[in-house]
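Thanks for making the time, everyone.

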Amino acid sequence: MKKTIILLALVFSVSAVFAQKGKVTSAQNLKDTGKLDKALEAINEATDPSNDKAEKSLPWPKTWEVKGEIFQAIFASQDQNVKALSDDPLTVALESYKKALELDEKDKFSKSVKIKLTLLTNDLTNQAVEAFNNNDYELALKSFEQILDIQDIPVVKEDNPEAVDTVILFNSGLAAFNAQNFEKAVKYYGEAAKYGYNGARTYSLISESYIQMQDTVNALKAVQEGFEKYPEDNGVLTSMIDLYMKIGKNEEALKYLDMAIEQDPNNVTYYFAKGALYEKFGEEENAVAAYQKASEIDPTFFNAYYNLGALYYNKGVKQIEVANAVPANENEKYEAELKKADVWFEKALPFMEKCHELNPEDEMTLESLKNLYYRMKNMDKYNEVLEKLGQ
């Protein structure tokens, strides 16, 4: 009688094991026939730690492999009701496959899980690209990071242990930057830069990330390193010049501007920046020469004409201040000083008129022209400008 009882208990125990493993098989079959809601119910039962019957299916690697498959299928479904079954199916799929590998002590499931991880990488890539295009940069970053996570899983990495996916690293940096997670942007751009991805441009992006964190010291280090590695690249050189100008190191900026002009002598922005720097130094003749060179290279370059006009206009304004400082009883001297101001205003006028020709809607130009025409007693032109300004 005792032997019969023991035998019955053993049969019951084995039946319970197979019942739960059968639940996993049932979940897989339901998934394969497109009944994903039922498949999800079955696999949830088999992976529920509060379910006594799941005691044997929980440590079985196949359980978690099937769970990963089901959640991947939910992601791939075009049925909105099915998609609603999970808020983040690919994350669940990844964690399930990792769990399967963790439990697979006898290495029976690693090959099949590895294939599914490859397919999961494709799904995550599609999700990341779609999220990025929809301006959901947090999800894009998360998806790119999960791809990097997969690439570090030993069963995946063993095929090519030295491989580095610089494209995903760079895209992670790009997504992080757009998500305003600048520390991660520096991290991923930095990794991509180590392997030369995107050349000097990556160093400029590292620098910009530091600038967003208000860390100008490391921002400058980044562009300097980029310039040392890629001295012929005007992009990183321009970034370095901009940064030197932002932090007030104008002499350094001017030095590198000359290098930039040597590399690209027809780049109007370099001459314009050089003119602006010379103005800061009070070297007006050099500033005028730089602005004029910019306008020669590109006769439609608005900013060069505007700065030339503004330079002469401001000199006229300063000369009026000189005239106003003349004692009231020295009228002849006052008039003489005032005429000197008109010389500068006359020089400013053609440049402001050129700006108006290039951009008739620019209000700053119109305001300058209004004052110039009034000063020069050209009332017809003055009234035309007033009309354009709606005054």
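Let me start with Gln-180, which lies in the loop between helix 9 (166-178) and helix 10 (182-194), where helices are DSSP runs of H or I with at least four residues, numbered from the N terminus. Before going on, a word on sources: this is a predicted model, in which local features need pLDDT of at least 70 and side-chain atom pairs count only at pLDDT 80 or more, while totals for chains, interfaces and linings use all residues. Residues are numbered from 1 along each chain as its sequence is written, and side-chain values use heavy atoms, with hydrogens and water left out.

Most residues other than glycine have a negative phi. Gln-180, although not a glycine, has a positive phi of about 65°, and Gln-180 is exposed, with a relative accessible area of 62%, exposed being over 50% with a 1.4 Å probe and protein chains only. Lys-377, in the loop between helix 19 (363-375) and helix 20 (379-389), likewise has a positive phi, near 60°, and is exposed at a relative accessible area of 69%.

Now to the packing: how do the axes of helix 3 and helix 5 cross? The axes of helix 3 (residues 61-76) and helix 5 (residues 89-103) come within 8 Å and cross at roughly 165°, the axes being lines fitted to C-alpha atoms over the stretch in contact, with angles from 0 to 180 degrees between N-to-C directions. That makes helix 3 roughly antiparallel to helix 5, a term for angles over 145 degrees.

How values were computed: Helix = DSSP H or I, 4+ residues; strand = E, 2+ residues; numbered from the N terminus. Buried < 20%, exposed > 50% of the residue type's maximum accessible area, 1.4 Å probe, protein only. Parallel < 35°, antiparallel > 145°, perpendicular 65-115°, else oblique.
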